[in-house]
Amino acid sequence: MSTEKYAQFYQKLSGPLRRGSGPVILLKVFNLLLTGIMYAAYPLLLILRLHSVLQSGGDPFRDAVLLKILLIPAGSFVLLSFIRRRINRPRPYDPLPGGAGIRPLLVRDRSGCSMPSRHVFSSVIISMAALLLDFRAGALLLTLSACSALVRVLGGIHYPSDVAAGYLAGVACGLLLFV
C-alpha cells in the first residue's frame with residue numbers, strides 16, 4: 001500500500017476517534033494501561049515461579065521452566081531488536097519522500113524501527129510465558145496483546161503489518177518455551 005493510500009486508510013480508521021478529546025484520551029489511557037499490565041505481569045510471573053520452586057524445595061538455578069521464562073524472552077527481545085534496527089522501517093508518522101507522514105493520535109518522539117513492533121512482541125512473549133504457567137492467564141494476556149496491537153495501529157505509531165509481525169514473532173519465539 002502506498003504512503004498516500006495508507007494515509008487515507010488511517011484517516012478513515014482514526015476519524016471517529018478524532019471527533020472529540022474523549023476518545024483520544026481513552027486511547028492514551030488504554031495504551032498506558034495495557035503497557036502497565038504487561039510490565040507488571042512479567043516480573044510477577046518470574047516471582048510466582050520462583051516462589052513455587054522454592055516452596056517445593058527445588059533449586060531455582062536448575063529449574064528448567066524458570067530458566068526458560070527468563071532466558072527465552074530476553075534472548076528473543078535482543079534478537080528482535082537487532083532485526084528491527086536492520087530493517088529500520090519508517091513509522092507511519094515519519095515524513096517520507098514525496099509526502100508527509102500521518103498525524104498520529106499517540107505521540108512518539110522516535111523515528112524508524114517500526115517493523116516488527118517490539119511492544120507487541122514483548123506483550124505476546126510475556127503472554128506465552130504466562131500460558132506456560134497458567135492457561136487462563138496466558139489466554140487473557142494474549143487477548144490483551146491483540147488489543148495492544150490494535151491500539152498501536154489506531155494510535156498511528158505502527159502499521160498493521162508491524163504489529164502482525166510482532167505478534168507472530170512473539171508467538172513463534174514463545175513456542176520455544178514449550179519445547
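## A look at Ser148 and the helices around it

Setting aside its neighbours within four places in sequence, Ser148 touches Leu34, His119 and Ser123. This is a predicted model, and in it Ser148 sits in helix H5. Is Ser148 buried or exposed? Its relative accessibility is 2%, and buried means under 20%, so Ser148 counts as buried.

Now for helix H6, which runs over residues 160–175. From its first C-alpha to its last, H6 reaches 23 Å, close to the 22 Å expected for its 16 residues at 1.5 Å a residue. Which residues of H6 are buried? They are Asp162, Val163, Gly166, Gly170, Cys173 and Gly174. These residues cover an arc of only 100° around the axis, so they lie on the same side of H6. And what covers them?

Two packed helices are described by the angle between their axes and the distance between the axes. The axes of H3 and H4 come within 10 Å and cross at roughly 165°. Angles over 145 degrees count as roughly antiparallel, so that's what H3 is to H4. The crossing of H3 past H4 is right-handed.

Who makes the contact? On the H3 side you'll find Val65, Ile69, Ile72, Pro73, Ser76, Phe77, Leu80, Ser81 and Arg84. H4 brings Arg118, Phe121, Ser122, Ile125, Ala129, Leu132 and Leu133.

Methods
Residues numbered from 1 in each chain as written. Predicted model: local features only at pLDDT ≥ 70, side-chain atom pairs only at ≥ 80, totals over all residues. Heavy atoms only, no water. Helix = DSSP H or I, 4+ residues; strand = E, 2+ residues; numbered from the N terminus. Expected span 1.5 Å × (residues − 1). Buried < 20%, exposed > 50% of the residue type's maximum accessible area, 1.4 Å probe, protein only. Arc of directions from axis to C-beta. Axes fitted to C-alpha atoms, helices over the stretch in contact; angles between N-to-C directions. Parallel < 35°, antiparallel > 145°, perpendicular 65-115°, else oblique. Left-handed = near helix turned anticlockwise from the far one by under 90°. Contact = heavy atoms within 4.5 Å.
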